[in-house]
Each structure stands twice: as structure tokens, then as C-alpha cells.
Amino acid sequence: LIAAALSWRIRRRLVGKKPRAADKADTLSRRRSGAERFASGDLKGALAIYNQSLNLDVTNTAARAVPHRVHAILYTERGQIHFAQRQYQLALRDFESAHAANPSFHAAMAWLAITHYAMRNLDAARDWWRRAVELEPRYAELDGLRWMSRQPGWLLPPVVEAQAITALLNARRV
């Protein structure tokens, strides 16, 4: 009986292991790698890294070590990759997921505004931009030449179309 139990434990260790859940350090490391790929122009590689980070087994209790604000950053940055590829519906879905994960994350709000503007949903764009500027007044200074410095939720280099949209949103802000 004891030998059978030990044999079962050994087989259990070797076969059928559950996927390893994300932890905060691994997730942040992958995020940096994805941002570096984006900066080098490898959108496909960056997207693969963000997808891997967001698709880890988040139901595992160890994954709860990754806070909602980190998920909001990951969704916002992956959304920028979709935006750069002009996949606005996918980008919008990611920015909405980021906002749901952390409703006070201003970068998600700013990108919701930018994406709505690109999709010609101007009223929604102005509303999201107003909310983002209330939380982060530096957004009001973006004029098409200036861009957000490196910080969570903002990838560099800026997507040219997004940079132009921020200038338009500020020009039309009341």
C-alpha cells in the first residue's frame, strides 16, 4: 500500500503538472521584453509576449500575486500594439479590459479616447479624454510633438496616429 502511494506521488509529479501560474516578477519581466520588442518594431513578437502574459492560468491562487493594476498595464500596452496594427476593435476590447481591471488607470482611459477617435466615435472620445485629463493633467499638454514619457501603460516610440489624435483631442477640449 505504501509503495503504491509513493509510486502514485512520483507519477503525479512527473505527469500532468498544472501550468505554472504567473507571479508578479515574471509578469513584469515579460512586460519589459514585450515593450522592448515593440520599440524595436517587432509587433508580432511583442504581441506574442503580451498574449502569453495575459493567457497564464489566472484562476490559480498563485496568480493572485499579480495585482489588477498589472493586468491593466498589460491590457493597455497590448491594446497599443493592436492600435499600431489598425486593429481598432481588438484595441478597444483590450482598453476596456484594462479599465475594468483598474477603473482609475488613466492610461486606459486615454487610450479609450484615442481609439474611439480613430473609430470616429467623437463624443465617446471626448468623454474618455476629459476623464483621463482629470486624473492626469499632463495629457492636456500633448500637442502632437510631445508624448508621454516612459511609464506604465505607455509604450515608446509613440504611434504616430495616436500622437496626432491626442493633439486633436486637446485642440477640441472645452
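This is a predicted model: local features need pLDDT of at least 70, side-chain atom pairs count only at pLDDT 80 or more; totals for chains, interfaces and linings use all residues.
Exposed, for this talk, means over 50% relative accessible area.

Take Arg86. Its phi is positive, about 60°, and it is not a glycine. Where does Arg86 sit? Arg86 is in the loop between helix 4 and helix 5. Its relative accessibility is 58%, so Arg86 counts as exposed.

Arg120 is the other one. Here phi is about 70°, again positive and again not at a glycine. The loop in question runs between helix 6 and helix 7. With a relative accessible area of 61%, Arg120 is exposed.

One more backbone item. The peptide bond joining Leu156 and Pro157 is cis, with omega about 0°. Pro157 belongs to the loop between helix 7 and helix 8.

The largest nonpolar core contains 43 residues. Which residues have the most contacts inside it? They are Phe83, Trp111, Ile114, Trp129, Tyr139, Trp154 and Leu169. At least two core residues come from each of these: helix 2 (24-39), helix 3 (43-54), helix 4 (68-84), helix 5 (88-101), helix 6 (106-118), helix 7 (122-135) and helix 8 (160-171). Helix 6 contributes the most, at ten residues.

Tyr139 is on that list of residues with the most contacts in the core, and I looked at its partners. Setting aside neighbours within four places in sequence, what does Tyr139 touch? Its contacts are His106, Ala107, Ala110, Trp129, Ala132, Val133, Met148, Trp154 and Asn170. Two of those partners, Trp129 and Trp154, are also among the core residues with the most contacts.

Last, a helix pair. Two packed helices are described by the angle between their axes and the distance between the axes. For helix 7 and helix 8, the angle is about 85° and the axes are 10 Å apart. Angles of 65 to 115 degrees count as roughly perpendicular, so helix 7 is roughly perpendicular to helix 8.

Which residues make that contact? From helix 7, they are Ala125, Arg126 and Trp129; from helix 8, Thr166, Leu169 and Asn170. By type, the contact has three nonpolar residues, two polar and one charged.

Conventions
Residues are numbered from 1 along each chain as its sequence is written. Side-chain values use heavy atoms; hydrogens and water are left out. A nonpolar core is a set of buried Ala, Val, Leu, Ile, Met, Phe, Trp, Tyr and Cys residues joined through side-chain atoms within 4.5 Å. Buried means under 20% relative accessible area, exposed over 50%, partly exposed in between (1.4 Å probe, protein chains only). Helices (H or I, at least four residues) and strands (E, at least two) are DSSP runs, numbered from the N terminus. Contact means heavy atoms within 4.5 Å. Axes are lines fitted to C-alpha atoms, for helices over the stretch in contact, and angles run from 0 to 180 degrees between N-to-C directions. Angles under 35 degrees count as roughly parallel, over 145 as roughly antiparallel, 65 to 115 as roughly perpendicular and the rest as oblique. Ala, Val, Leu, Ile, Met, Phe, Trp, Tyr, Cys and Pro count as nonpolar, Asp, Glu, Lys and Arg as charged, and the others, Gly among them, as polar.
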